[in-house]
Amino acid sequence: MLIKTPQKSFLRESAVTDESLFQERRILLKKMGFLGAGTLLSSAGSNKVSARFFNDDDVKFSTQKLHYSQDELNVHLIKTPEQKVVSHNNFYEFGAKKHQPAELAQHFNVNPWQLTVSGECDKSITLSYDDLINMFALEERIYRFRCVEAWSMVIPWIGFSLASLLTKVAPNSKAKYVAFETLYDPKQMPGQASRFLGGGITYPYVEGLRIDEAMNPLTLMSVGLYGKTLPPQNGAPIRLVVPWKYGFKSIKSIVAIKLVEQQPPTTWNRLAAKEYGFYANVNPTHDHPRWSQASERRITSGGLLTRNRIPTLAFNGYAEEVASLYQGMDLSTYY
Ligand code: MTE
């Protein structure tokens, strides 16, 4: 575990967003001033209106062992430039192309906001925007983030553990799973109003975790990145981050969290169950039917020609912390 001081790169934020938003987002950094120790956990359907993920590297279906130089392996430790994190997004509510969320989400109104936590628990709660920012001690966690499309980033998130939120509502013994739901507001989210723009997904976007996955200390409710509140395209005002799972589990702009007894439906599993499982743990030995998951393209400051292909790690490098959750399970059946 490596302790890092908060990044100074926040000053460059004024270049990527308007000044008032920049001022508002700086408040979070100020609040983090004495809390912000970073943590690098370093163990080790198509456009015809059905949504599909695309592997943008044209990686051929293959699991052959690749050879990596030390330089390439070092790429694992480089933080992704903030400008890439906020401009290369998957947020289908604002368009299915990587550049669209940053363009189409800029006027997304996140305050006021309501997040309800309810279901199989003793005391349901509803949190306001201010609660999300102020109710919990915020910390910075630098996590690897691996998309199922075989690209990846290293992102300094700010947030609090989902466990600390769930503990507040006191889950009862029937709470076996946690279901998450994104805001449904087609007036603000053009992808929800157009099947073409929104990639054919049935909205609202939904996700789920098993209760022990939800309570794992790595599971983060994120309200910020790079020392500031989340930009809309990254899931403002609050999103989930589950670093050992493919990125589609990390649902954005959450309005409802429900403790439930049965495994809840999840958006990508509903669309293509053979391609996207409920678990979606990063697994280099279980290929996607259309491409290999053995390696990934780490997004760095370089362009498309940069040598940045690196091997994918089991559980995205967090096996020490989470592999025990899946003991006795066949991970190629429960993908
Ligand atoms: N959450 C919602 N509501 N809608 C989405 O389209 N995309 C998912 C996930 N959460 C998505 C979402 C996918 S596929 C990925 S890879 C990550 O968000 C991308 O997060 P990022 O844009 O912050 O990198």
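Searching the whole structure turns up 15 aromatic pairs, where a pair means rings of Phe, Tyr or Trp (its six-membered ring) with centres within 6.5 Å, and planes under 30 degrees apart count as stacked, over 60 as edge-to-face and the rest as tilted. One of them is edge-to-face: Phe 108 and Trp 113, at 5.9 Å centre to centre with 85 degrees between the planes. Both Phe 108 and Trp 113 are buried (under 20% relative accessible area, with exposed meaning over 50% and partly exposed in between; 1.4 Å probe, protein chains only). This is a predicted model, so local features need pLDDT of at least 70 and side-chain atom pairs count only at pLDDT 80 or more, while totals for chains, interfaces and linings use all residues. Residues are numbered from 1 along each chain as its sequence is written, and side-chain values use heavy atoms, with hydrogens and water left out.

Phe 315 and Tyr 326 make a stacked pair, because their ring centres are 5.6 Å apart and their planes sit at 15 degrees. Phe 315 is in the loop between strand 14 (309–311) and helix 10 (319–322) and Tyr 326 is in the segment after helix 10, so the pair ties together parts that are 11 residues apart in sequence. Helices (H or I, at least four residues) and strands (E, at least two) are DSSP runs, numbered from the N terminus.

The charged end of Arg 144 sits over the ring of Tyr 318, 4.6 Å from its centre.

Five strands form an open sheet in the order 4-3-12-7-8, with mixed pairing; two strands pair if DSSP finds at least two bridges between them. Strand 4 (125–128) and strand 8 (206–210) are the edge strands, each pairing on one side only. Strand 7 (residues 177–182) and strand 12 (residues 254–260) pair in the antiparallel sense over six bridges, and Ala 179 stands opposite Lys 258 in strand 12.

In helix 6 (residues 162–169), the buried residues are Leu 162, Ala 163, Leu 165, Leu 166 and Val 169. They cover an arc of only 160 degrees around the axis, so they fall on the same side of helix 6 (the arc is that of the directions from the helix axis to the C-beta atoms). Just after helix 6, Ala 170 has a positive phi of about 55 degrees.

Glu 296 lies in strand 13 (residues 295–298) and is buried at 0% relative accessibility. The side chains of Glu 296 and Ser 152 are joined by a polar contact of 2.8 Å. Ser 194, in the loop between helix 7 (190–193) and strand 8, is partly exposed at 24% relative accessibility. A polar atom of the Ser 194 side chain lies 2.9 Å from the backbone nitrogen of Leu 197.

Notes
A charge sits over a ring if NZ of Lys or CZ of Arg is within 6 Å of the ring centre and within 35 degrees of the ring normal. A polar contact is a pair of N or O atoms within 3.5 Å; within protein, one must be able to donate a hydrogen and the other to accept it, and residues adjacent in sequence count only if both atoms are side-chain atoms.
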